[in-house]
Amino acid sequence: PSTERAVIEWQAEELRALNLDPGQLDRDRVWEAKRSALQVVFEQPRSAVRQAEFEAFKQREGRGLVDFATWCALVERYDLPTSRWPASALDPRGPGRSELHADLAARIDFHSWLQWCLDQQLAASARLADAAGMRIGIVHDLAVGVHPDGADAWALGSALATGVTVGAPPDAFNQQGQDWSGRHGGCDQ
């Protein structure tokens, strides 16, 4: 609706000013603004076809999507690091799982919807790349590890090796070498 669109535009004005300074990027404020706008869009009724597509996406992605969306909802509620979370939130397969999911159901659905939007955008980009003759298409980054406080470590912790680092030895481009363990700020979250 136009009233909600106007509120989103009004909230964006302050952040647009930040775009004028190329040296300034406040990721937290940008994410807060985007999340607020996306929440408004999420709350709008979807057509029956769109809702069916969303439900099919959730079904197709299964447990991995639920785990990631749950982790996102927990980060919203408790922030990071996960070591400060209550015990009931630390084990995605633990005894408090059903209560946790019921309590966070709306946020889990929102974060699942965000992943659906992302999936649709990536698919559209892949189609455009293919139509433009880019035979390789879109190349994604292949992570060699996960952040200790990230969604993968939370959801798959029992399957991951802990206390292990990975990186690259010193070379002509980086005399210090690289450590991608996440403890030294070199790991993507």
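What follows is a short chat about reading the helices and rings of a predicted model.

Visitor: Where do I start?

Guide: With the ground rules: residues are numbered from 1 along each chain as its sequence is written, and side-chain values use heavy atoms, leaving out hydrogens and water. The model is predicted, so local features need pLDDT of at least 70 and side-chain atom pairs count only at pLDDT 80 or more, while totals for chains, interfaces and linings use all residues.

Visitor: How many helices and strands does the chain have?

Guide: Helices (H or I, at least four residues) and strands (E, at least two) are DSSP runs, numbered from the N terminus. Here you get seven helices and two strands, in the order α-α-α-α-α-α-α-β-β.

Visitor: What span should α6 have?

Guide: The expected span of a helix is 1.5 Å times one less than its number of residues. The 27 residues of α6 should therefore span 39 Å, and its end C-alpha atoms are 39 Å apart, which agrees.

Visitor: Which residues of α2 are buried?

Guide: Buried means under 20% relative accessible area, exposed over 50%, and partly exposed in between, using a 1.4 Å probe and protein chains only. In α2 they are A37, Q39 and F42, and they pack against α1 (2-18) and α6 (105-131). The buried residues of α6 include F110, W113 and C117.

Visitor: How do α2 and α6 cross?

Guide: Two packed helices are described by the angle between their axes and the distance between the axes. Axes are lines fitted to C-alpha atoms, for helices over the stretch in contact, with angles from 0 to 180 degrees between N-to-C directions. For α2 and α6 the axes come within 11 Å and cross at roughly 100°. Angles under 35 degrees count as roughly parallel, over 145 as roughly antiparallel, 65 to 115 as roughly perpendicular and the rest as oblique, so α2 and α6 are roughly perpendicular.

Visitor: Which residues of α2 and α6 meet?

Guide: Contact means heavy atoms within 4.5 Å. On the α2 side, W31 and F42 are among them, and on the α6 side, F110 and W113 are included.

Visitor: Which residues form the aromatic cluster?

Guide: Rings of Phe, Tyr and Trp (its six-membered ring) pair if their centres lie within 6.5 Å; planes under 30 degrees apart count as stacked, over 60 as edge-to-face and the rest as tilted. That gives six aromatic pairs, and F42, F110 and W113 form one cluster.
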